[in-house]
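Thanks for coming. I will go through one structure this morning, and I will start with a question once it is on the screen.

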Amino acid sequence: MTDAILLIDEPAPYVRRLTLNRPEARNALSSPLLVALAEALEAAGDDANIRAVVLTGGAKVFAAGADIKELATRDTVTGLLDARTALWGRIRRFAKPMVAAIDGYALGGGLELAMHADIAVAGPTAQFGLPEINLGFIPGGGGTQRLARIAGQQLAMKLILTGEFADAKTAHAAGLVAEIAEDAQLRGVEIAAKIAQKAPLAARLAKELVLAARDTPLETGLAFERKAIAALWGTDDFKEGVGAFLEKRKATFAGK
Ligand code: CAA
């Protein structure tokens with residue numbers, strides 16, 4: 001179904017890939033596309049056979065932001081009542097590991113979406129920006145908050161105030177992506193496939209903990225970590241992981 005705005009496939013065991021597919025609009029995140037994405041992530045979250053998701057726009061462009069044609073009719077009232085806020089919330093609540101494979105532009109809402117991924121891989125030609133200031137407004141999908149937290153104030157201010165783009169090397173140096181890969185599409189799947197071989201409950205709790213580290217006092221985070229590890233020590237996956245190590249064989253995790 002290549003005419004769908006979101007392509008869904010499974011490129012490796014337990015891995016679901018979601019590919020934004022509006023090439024004619026540089027994968028601009030129209031409301032229908034955000035709805036499709038939220039629904040697809042919820043379906044992946046509910047599916048016991050899915051352990052990791054790869055989010056991509058394909059090899060040419062990740063996403064050029066919100067759909068500016070749709071935004072053109074916005075005013076203060078529609079802004080305050082914007083249904084997209086709830087859609088971003090649904091995307092944010094995806095609890096399994098998510099890897100973004102970023103080639104080409106990740107701009108505005110596209111960069112905001114990329115920052116929802118737990119691990120991002122950039123191709124050498126990737127470009128990152130929050131150019132909303134050129135349109136007379138500011139990022140609205142969490143960009144001012146997430147970019148400052150992830151990449152620091154200097155790069156965040158520069159991109160948000162000037163509308164300039166950062167290249168893959170700058171994004172990598174700032175911690176906006178985990179790595180630059182010659183073939184980011186392949187590498188994104190490779191990373192997700194590797195995660196999918198690990199214990200799913202452990203991966204899920206690890207994601208929750210690392211995300212909590214941004215906003216949680218250290219003592220609270222450490223207490224949360226102790227409780228999480230105690231919970232994991234009661235799982236079959238823990239017995240399998242340690243048993244496999246002691247028996248010198250590869251572990252097979254069931255997510256139980
Ligand atoms: N929304 C809607 N359509 C878009 C779009 C967007 N964000 N970005 C690109 N397009 C469309 C163009 O209108 C054009 O359509 P037509 O062929 O019908 O004219 C088509 O995609 C190709 O675009 P270009 O010819 O401009 O392609 P390019 O390769 O020369 O440039 C680009 C690519 C640098 C991404 C450029 O299109 C661009 O600057 N796009 C806008 C980026 C932007 O401002 N993003 C922020 C959006 S606002 C936002 O995201 C708000 C938020 O957080 C709430």
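With which residue does Asp-118 form a salt bridge? The partner is Lys-207, and the closest N and O atoms of the pair are 2.9 Å apart. Please keep in mind that this is a predicted model.

Now the domains. The assignment gives domain 1 as 6–196 and domain 2 as 200–246. Their C-alpha centres lie 26 Å apart. In the contact between them, 11 residues of domain 1 meet 7 residues of domain 2. About 720 Å² is buried between domain 1 and domain 2, and carbon and sulfur atoms give 52% of that area. On the domain 1 side, Ala-95, Asp-118 and Arg-149 lose the most area to domain 2, together 47% of what that side buries. Across this interface of domain 1 and domain 2, the rule finds 2 salt bridges.

Next, a pair of helices. The axes of α6, residues 143–151, and α7, residues 153–162, come within 7 Å and cross at roughly 145°. On α6 the contact is made by Gly-143, Thr-144, Leu-147, Ala-148 and Ala-151, and on α7 by Gln-153, Leu-155, Ala-156, Leu-159 and Ile-160. Of the residues in this contact of α6 with α7, 7 are nonpolar, 3 are polar and none is charged.

Last, two backbone details. Asn-27 is not a glycine, but has a positive phi of about 60°. Asn-27 sits in the loop between β2 and α1, and counts as buried at 2% relative accessibility. Lys-248 also has a positive phi, near 55°. Lys-248 is in the segment after α12 and is exposed, with a relative accessible area of 78%.

Conventions
Residues are numbered from 1 along each chain as its sequence is written. This is a predicted model: local features need pLDDT of at least 70, side-chain atom pairs count only at pLDDT 80 or more; totals for chains, interfaces and linings use all residues. Side-chain values use heavy atoms; hydrogens and water are left out. Helices (H or I, at least four residues) and strands (E, at least two) are DSSP runs, numbered from the N terminus. Buried means under 20% relative accessible area, exposed over 50%, partly exposed in between (1.4 Å probe, protein chains only). Axes are lines fitted to C-alpha atoms, for helices over the stretch in contact, and angles run from 0 to 180 degrees between N-to-C directions. Contact means heavy atoms within 4.5 Å. Ala, Val, Leu, Ile, Met, Phe, Trp, Tyr, Cys and Pro count as nonpolar, Asp, Glu, Lys and Arg as charged, and the others, Gly among them, as polar. Domain bounds come from an automatic or database domain assignment. Buried area is the accessible area (1.4 Å probe) that two parts lose on being put together, summed over both. A salt bridge is a side-chain nitrogen of Lys or Arg within 4 Å of a carboxyl oxygen of Asp or Glu.
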